[in-house]
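Hi,

Here is the structure I promised to pass on.

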Amino acid sequence: MIAGGINFRAALAIFKNEVMRMFRAVFGSVLSPVITTSLYLVVFGAAMADRVEADPGVSYGAFIVPGLLMLTLLSESTSNASFGIYMPKFTGAIYELLSAPVGFVETLIGFVGAAAAKSLILAAIILGTAALIVDYEIRYPLFALGYIVLIAATFSMLGFIIGLWANGFEKLQIVPLLILMPLTFLGGTFFSIDVLPEPWRSISLINPIVYLVNGLRWTFLGESDFPIAISFAVTVGFLLLCTIIIAVIFKTGWRLRE
């Protein structure tokens, strides 16, 4: 069905194929990140709860839940989207996609939508698992849901770009492992940047992940090191930048026809 110039049938076909790929490898796609996050919660949230100071009136376990959720969202959204678009390039199926009546919008809806959907499923499982380990609450659940969806979509876009850029499997891991992972750990996942001495606190302000973690933490705790508007603006700005980059790639054919 084509409506408003968008081939929804093609977009749905790509979406369903990518989502089903997750269920064909349940351990790597679902169980592995859930187990890893649970271990973080047990080690840091339970074992170190009495040794690390969190916000007044908030347990350390509840304090790190948003940060760990963000860590999973960033890594899984990026990895799922990058691998999803890289495999058609690797196998040569990308040429069939380019020759079919499937445009830029349908491709984004299919690949990015599927990667974001898988991340949202993981987020729900992780939040359910976390409730069994630590006592936490979500102060603003609707804002939390909206922000989690926005984060998943944004970093699925980034992963899509990485998948288009990569010309080898090793390059798929460069950005998630060497850039995103360190920035997330240094972005307030396990601590508030207010506890950092100068000049490290000022230096941490150039880390964009700091604003994302604090935005999600605000939806859980109602408190943040920054106003939620700043976190929202940073996320939306990055989403728009990724969209523009992908549009340019499809227009020029860079990395698509090589």
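This is a predicted model: local features need pLDDT of at least 70, side-chain atom pairs count only at pLDDT 80 or more; totals for chains, interfaces and linings use all residues.

Residues are numbered from 1 along each chain as its sequence is written, and side-chain values use heavy atoms, with hydrogens and water left out.

Cavities first. There are three of 30 Å³ or more; a cavity here is a set of points on a 1 Å grid over the protein atoms alone where a 1.4 Å probe fits but cannot get out. Volume is the space filled by probe spheres set on the points, which are joined across faces, edges and corners. The largest cavity comes to about 40 Å³. Its lining (residues with an atom within 4 Å of a point) is made up of L71, L74, S75, P176, L180, M181 and T184. Helices are DSSP runs of H or I, at least four residues, numbered from the N terminus. By type, the lining has five nonpolar residues, two polar and no charged; Ala, Val, Leu, Ile, Met, Phe, Trp, Tyr, Cys and Pro count as nonpolar, Asp, Glu, Lys and Arg as charged, and the others, Gly among them, as polar.

Next, some single residues. L212, in helix α9 (residues 208-221), is buried, with a relative accessible area of 4%. The cut-offs are under 20% for buried and over 50% for exposed, with partly exposed in between (1.4 Å probe, protein chains only). The C-alpha atoms of L212 and G67 are 9.2 Å apart, though 145 residues separate them along the chain. V42 is found in helix α2 (residues 26-47) and counts as partly exposed because its relative accessibility is 41%. Between the C-alpha atoms of V42 and V134, 92 residues apart along the chain, there are 8.5 Å. M20 lies in helix α1 and is also partly exposed, at 45%.

One backbone detail to look at: the peptide bond from E198 to P199 is cis, with omega near 5°. P199 sits in the loop between α7 and α8 (200-204).

Cheers

How values were computed. On a 1 Å grid over the protein atoms alone, a cavity is a set of points where a 1.4 Å probe fits but cannot get out, and a pocket is an open set with protein on both sides within 12 Å along at least five of seven lines; lining residues have an atom within 4 Å of a point. Helices (H or I, at least four residues) and strands (E, at least two) are DSSP runs, numbered from the N terminus.
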